[in-house]
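Me: Got a model open here and want a quick walk through it. Can you take my questions as they come?

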Amino acid sequence: MPCLPSEAMAASLIDDVELGGAIRSAIAQMGRQPSLSEAAQMFASELASRAFPGYVRLVLMAALQGVGDAEGSPPPGSALGGRWDETFLRGIPTDRLSASDVAELLRTLAGGLPLPEGHSAPALRVASKLLLGSPRALAALAKSSVTTFVTADETVTTSATAGTGSSGSADESVMAEADGGVWTEFVALCLAALSGASGRSSNLASELKPLLELLRGLVSACGGELMDRVWYLLSELIGPAAAAAPTLKVRLLLEEELGQLPWHCVRVQSRDAEFTSALAALQPVLPVVGSLVVGRLDWGPYFEAVSEGTLEGSTLGPLLRSALEAHLSVSGALNSRAHFLIFGEVRGAADAAGEDDTTRAVDTRALRATHDAAWAKLPAISFARALDGGVLLRALLRAKGMSEPTERVLQAVRLLGRLATQLGTVEAAVVAVQESRALLFVALTPAPAAAAAAAAAAAAAAVCAAREG
């Protein structure tokens with residue numbers, strides 16, 4: 001077995017191209033030989049602990065090199081053919097890692113992706129071990145989340161500029177001050193993992209699961225302040241990846257994992273002018289997740305921002321579409337406060353059945369004033385663009401009889417009627433009538449023709465969806 005370098009040699013060897021490369025190659029080659037499995041594990045773990053944290057990066061580079069070798073995947077029984085994340089880094093003191101240490105190691109992991117199919121999970125579990133095991137990295141994330149978020153295209157937006165939708169290129173000094181670049185590197189890791197899985201949709205769920213578990217762990221450790229960043233990760237990375245691989249397994253995994261996050265802690269909806277458009281774009285891809293986000297968000301600050309002119313009234317159009325789809329496709333999707341702000345009336349008894357008395361109680365007078373002031377800012381053209389004559393129908397078809405929808409349908413139609421009357425334009429009236437007429441066609445069809453009507457409705461919905469695409 002190769003001799004271990006002394007701690008004094010670590011600093012020089014890690015930067016030495018020839019010697020560092022020789023060590024990496026030795027670990028990679030040993031890790032691919034079943035007969036040298038134990039030796040490889042012992043050598044790698046001793047090396048990572050001997051000159052901490054510098055050699056952790058070298059061991060990671062060696063492991064990624066061995067797994068991604070051009071000769072093919074590591075054979076079964078070899079050190080790199082199994083859970084090398086547990087053996088190669090056994091016993092390393094992750095609590096001693098600084099935020100910048102974690103960022104550098106995440107960058108190393110991202111640089112080694114994508115890996116052969118079925119071999120990405122250990123690398124993603126390493127990321128989880130590094131992030132969740134470093135109190136300083138978590139503290140930096142929690143502190144920076146309050147004022148700064150990083151979107152998936154690696155731009156930095158502060159709370160002062162988020163309301164205008166402006167953003168600037170990621171500045172290294174800003175990120176170093178914010179969180180040591182931890183979130184930027186985590187986003188880059190997610191991008192590398194999901195991009196690698198995009199060409200093999202059958203494996204996307206296995207790539208997503210450790211990422212989603214890590215995301216849930218980060219939110220649990222850092223608190224709800226991280227949720228603004230999580231929203232951008234969902235809308236800009238996870239959502240598009242799910243759209244590229246629309247399998248039932250991926251959808252169910254996302255619904256389960258994302259359903260456990262505290263979406264009520266998201267605050268960026270009152271500052272980001274593109275938020276409601278992004279939410280409306282997410283809805284067709286992940287309808288259950290989209291409805292969940294719509295229903296759990298605190299829409300009070302958003303409606304106040306619209307009524308005060310901080311946000312444009314045109315942002316109400318995409319929200320109207322998302323809210324109608326959530327309201328009709330899932331019973332009780334909107335909480336009492338959100339329901340009144342959007343529909344201007346209290347929830348029906350059936351929809352409010354699962355809410356406790358405290359949550360159900362709302363100050364209708366104050367909410368009515370906010371509701372009226374905000375919807376008065378909705379431009380007629382935004383109302384017409386939000387609807388296409390089939391939004392309500394498609395939402396009902398998606399519900400597939402999960403609950404009796406009559407009351408929810410009437411509330412949706414009443415809202416459209418009020419808004420169309422308030423706007424007073426022909427275009428607004430036409431689109432509201434088209435939405436209602438599509439529902440009446442299905443509702444009034446005689447029972448013997450129900451199957452034909454359902455087929456026709458489904459075909460009409462498919463045509464509308466194709467036009468949207």
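Me: What is the mean pLDDT of the chain?

Reply: This is a predicted model. Its mean pLDDT is 80. Of its residues, 77% reach 70 or more.

Me: Which elements have the lowest and the highest mean pLDDT?

Reply: Strand 3, residues 168-169, has the lowest, at 36. Helix 16 has the highest, at 95.

Me: Where does pLDDT stay under 50?

Reply: Residues 356-360 are one such stretch. Residues 447-451 are another.

Me: Okay, overall makeup. How many helices and strands?

Reply: The chain has 25 helices and three strands. It runs to 469 residues, and 50% of them count as buried.

Me: And what share of contacts joins residues at least 24 apart?

Reply: Taking contacts between residues at least 6 apart in sequence, the share is 77%.

Me: Which residues touch the most other members of the largest nonpolar core?

Reply: W263, W299 and F383 do. That core holds 134 residues. As a general point, nonpolar side chains in soluble globular proteins tend to be buried together.

Me: Stay on F383. What is it in contact with?

Reply: Setting aside neighbours within four places in sequence, F383 contacts L320, L378, L416, L419, A420, L423, A428, V431 and A432.

Me: Back to helix 16. Which of its residues are buried?

Reply: Helix 16 spans residues 300-308. G300, Y302, F303, A305 and V306 are its buried residues.

Me: What do they pack against?

Reply: Four helices: helix 14 (275-285), helix 17 (316-329), helix 18 (336-343) and helix 20 (364-375).

Me: What follows helix 16?

Reply: G309 does. The phi of G309 is positive, near 90°.

Me: Switching to helix pairs. How do helix 11 and helix 13 cross?

Reply: Helix 11 is residues 204-222 and helix 13 is residues 248-258. Their axes come within 10 Å and cross at roughly 5°. An angle under 35 degrees counts as roughly parallel, so helix 11 and helix 13 are roughly parallel to each other.

Me: Which residues make the contact?

Reply: From helix 11, L204, A205, L208, K209, L212, E213 and R216. From helix 13, K249, V250, L253, L254, E257 and L258. By class, that contact of helix 11 with helix 13 has eight nonpolar, five charged and no polar residues.

Me: Now helix 6 and helix 7. What angle do they pack at?

Reply: About 175°, with the axes 10 Å apart. Angles over 145 degrees count as roughly antiparallel, so helix 6 and helix 7 are roughly antiparallel to each other.

Me: Who meets whom there?

Reply: V102, L105, L106 and L109 of helix 6 meet A123, V126, A127, L130 and L131 of helix 7. By class, the contact of helix 6 with helix 7 has nine nonpolar residues, with no polar and no charged ones.

Me: And the loop between helix 6 and helix 7, what is found there?

Reply: P114 is in that loop. A cis peptide bond joins L113 and P114, with omega about 0°.

Me: V433, buried or exposed?

Reply: Exposed, because its relative accessible area is 51% and the cut-off for exposed is over 50%. V433 sits in helix 24, residues 426-443. V433 and G417 are 16 residues apart in sequence, with 8.2 Å from C-alpha to C-alpha.

Me: Last one. Where is D69?

Reply: D69 is in the loop between helix 4 (54-67) and helix 5 (84-87). D69 is partly exposed, with a relative accessible area of 28%. D69 and P116 are 47 residues apart in sequence and 9.1 Å apart in space, C-alpha to C-alpha.

Conventions. Residues are numbered from 1 along each chain as its sequence is written. Side-chain values use heavy atoms; hydrogens and water are left out. A nonpolar core is a set of buried Ala, Val, Leu, Ile, Met, Phe, Trp, Tyr and Cys residues joined through side-chain atoms within 4.5 Å. Buried means under 20% relative accessible area, exposed over 50%, partly exposed in between (1.4 Å probe, protein chains only). Contact means heavy atoms within 4.5 Å. Helices (H or I, at least four residues) and strands (E, at least two) are DSSP runs, numbered from the N terminus. pLDDT is the predictor's confidence in each residue, from 0 to 100. Axes are lines fitted to C-alpha atoms, for helices over the stretch in contact, and angles run from 0 to 180 degrees between N-to-C directions. Angles under 35 degrees count as roughly parallel, over 145 as roughly antiparallel, 65 to 115 as roughly perpendicular and the rest as oblique. Ala, Val, Leu, Ile, Met, Phe, Trp, Tyr, Cys and Pro count as nonpolar, Asp, Glu, Lys and Arg as charged, and the others, Gly among them, as polar.
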